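Okay, thanks for coming, everyone. I'd like to walk you through one structure today, so let me put the sequence and the model up on the screen.

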Amino acid sequence: MEENKNIVEFLKPREREVIEDSYFENMVSVIVAGNPKKEPAKIIPLYQRKSFWISSAAAVAILFVAIRFMNQSGSINPDFDSLSHSELTAYIDHNIEDFDQELLAQYVHVETNAVQAKVESDQHLNSSVPNNELEKSVSRDDLFEGIDQKDILEYLNHQEMNVDDLEETDVLF
Amino acid sequence: MTQHPDDNEILQLFHQGASFAERAFNLIAKKYGKQLYWQIRRITKNHEQTNDILQNVFVKVWLNLSGFNATSSLYTWMYRIARNETMTFLEKEKRNSSVDVDDSVVEIIAGHAALDTHTADEISELLMKAIDQLPEKQAQVFQLKYFEDLKYSEISQQLGTSEGALKASYFHAVQKIQEFIINALNH
C-alpha cells in the first residue's frame, strides 16, 4: 500500500528533450575562442604589495612633518628666559658656524678700513670716512675683545674663506 | 552509453596545454555537460537561463581548471560551480524580471492520497526545495541516480565514493525528501 512506499516512488522523472553533443561543443568553442586561457588570479596579501609600503611610509612621513609643524607653530614665541646661558651658547655654537665666519671676516675687513680711515682722518681734518663706520668698529671691539686679528685671519684661511671675496654690501651692516 | 575517458586522463591532457587543453575541455563538456545542464535546468526550468548559466560555469571551469587541486572529484567541483552560478544568476534575475517556466521536473503516479490533489508543478517545486535542503553528497547522489539514472558503479567512479556509501546516501536522501514533501503538503 501507499503507506509502505516512499512518496518519491510516486514521482517519475519527466521525459526530457535530448541535448545534442554539438550544443556543448559549440559552447566550448565559443568559450575557448572568446576567453583565452588565463592563469588563475593570484591573491597578493596586502603586506606583500609594494604600493602598501610606499603609501604607509608616505603617511608616516606626512604625519611626522605635520606633528613637527604643529609643535613649532604652537611655540612661535619661545620662552628664552627658561633657557640657560649654556644652552643658548651651545645652540649658537652648533648652528651659527657659517654666520660666525662671515661675521669674523666682516670684522677684519671693517677694522682694516677703519684703521686706514682713521689714519687718513688724522692727516686730513675733513675726513671722508663715515662716523658710523668708526662707531661700528668700536662696537665690534667689544665683541672680539681679546682676540687677535691674526688669529681671526688664520682661522678664516683655515676655513678657506677669503676676506677680499666679500662684497661691499656684506661688509657694511 | 558512451564511454568517457577517466578524469585523471582528461586532467593530464589538459595540463599538456595548448590544443591538448582545448581537447581536454571538450571531453569534460561531453562527459559532464548534460548532467550540469539538467542540474541547472531543474532549478531554472528554462532553457535560455540554463544556457547562460552553463556558459558561465564552463568559462569558470576553463579559466580555473589549471588550479583544480583534486581535493574533490572533478564532477563535485563543477557541481559546486554550477550551483553557485545558478543561485547567483537567479538572485539577479529575481530583481530584474520574471521569466516563463516551461515544465515540471516530475510526473505524479496515481496512488498516493497526499499527491492526488496537487499538480506536477507544485510537487516539482517541493521536490527541488527538498533536494536543496540535502547535504551536498546526498543531493548529488540523488540527482545522479534519480534523474540521470546512473548506476551506482558509475556514480562511484564519478564521485570517488564507494557504492555502499552511495546507497546509504541515496536512502537517506529519499527519506528526507519524503519527510520534507509530506510536511509541506500538511501545512
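Let's start with B:Gln158, which has its place in helix H8 of chain B, residues 152–159. When I say helix or strand, I mean DSSP runs, numbered from the N terminus: H or I with at least four residues for helices, E with at least two for strands. Before I go on, a word on what we're looking at: this is a predicted model, where local features need pLDDT of at least 70, side-chain atom pairs count only at pLDDT 80 or more, and totals for chains, interfaces and linings use all residues. Residues are numbered from 1 along each chain as its sequence is written, chains are lettered from A and ligands numbered from 1 in the order in which they are written, and side-chain values use heavy atoms, with hydrogens and water left out.

Back to B:Gln158. Is this residue buried or exposed? B:Gln158 counts as buried, because its relative accessibility is 9%. The cut-offs, with a 1.4 Å probe and protein chains only, are under 20% relative accessible area for buried, over 50% for exposed, and partly exposed in between. Leaving out residues up to four places away in sequence, B:Gln158 touches B:Tyr32, B:Gln35, B:Ser73, B:Tyr75, B:Leu144 and B:Leu150. Touching, or contact, means heavy atoms within 4.5 Å.

Another glutamine to look at is B:Gln140, in helix H7, residues 136–147 of chain B. B:Gln140 is at 1% relative accessibility, so that one counts as buried. Among the residues that B:Gln140 touches are B:Tyr75, B:Thr76 and B:Leu159. With B:Thr76 there is a side-chain to side-chain polar contact at 3.3 Å. For a polar contact we need a pair of N or O atoms within 3.5 Å; within protein, one must be able to donate a hydrogen and the other to accept it, and residues adjacent in sequence count only if both atoms are side-chain atoms.

Now zoom out to chain B. It has nine helices and one strand, and from the N terminus the order is α-α-α-α-β-α-α-α-α-α. Of its 187 residues, 47% are buried. Take the chain B contacts with a separation of 6 or more: 62% of them come from residues 24 or more positions apart.

One pair that links parts of chain B is B:Glu136 and B:Arg80, a salt bridge with the closest N and O atoms 2.7 Å apart. B:Glu136 lies in helix H7 and B:Arg80 in helix H4, so this pair ties together parts of chain B that are 56 residues apart in sequence. The rule for a salt bridge is a side-chain nitrogen of Lys or Arg within 4 Å of a carboxyl oxygen of Asp or Glu.

So what about the interface? Here 28 residues of chain A are in contact with 46 residues of chain B. The buried area is about 3,600 Å², with carbon and sulfur atoms giving 65% of it; that's the accessible area (1.4 Å probe) that two parts lose on being put together, summed over both.

How many salt bridges does the rule find across the interface of chain A and chain B? It finds four. One of them joins the side chains of A:Glu17 and B:Arg41, at 3.1 Å, N to O. Another pairs A:Arg16 with B:Glu148, at 2.8 Å between the closest N and O atoms. That pair crosses from the loop between S1 and H1 of chain A to the loop between H7 and H8 of chain B. B:Glu148 counts as buried because its relative accessible area is 15%, while A:Arg16, at 30% relative accessibility, is partly exposed. Then there's A:Asp21 with B:Lys34, whose side chains meet at 3.5 Å, N to O. A:Asp21 sits in helix H1 of chain A and B:Lys34 in helix H2 of chain B, so this pair joins two chains.

The strands meet here as well: S1(A) and S1 of chain B, residues 106–108, run antiparallel and are joined by three bridges. Two strands pair if DSSP finds at least two bridges between them. A:Pro13, for instance, has B:Val106 as its bridge partner in S1(B).

Last stop, the backbone. B:Ala18, found in helix H2, residues 18–44 of chain B, has a positive phi, near 50 degrees. Most residues other than glycine have a negative phi. B:Ala70 has a positive phi too, near 60 degrees, and is found in the loop between helix H3 and helix H4 of chain B.
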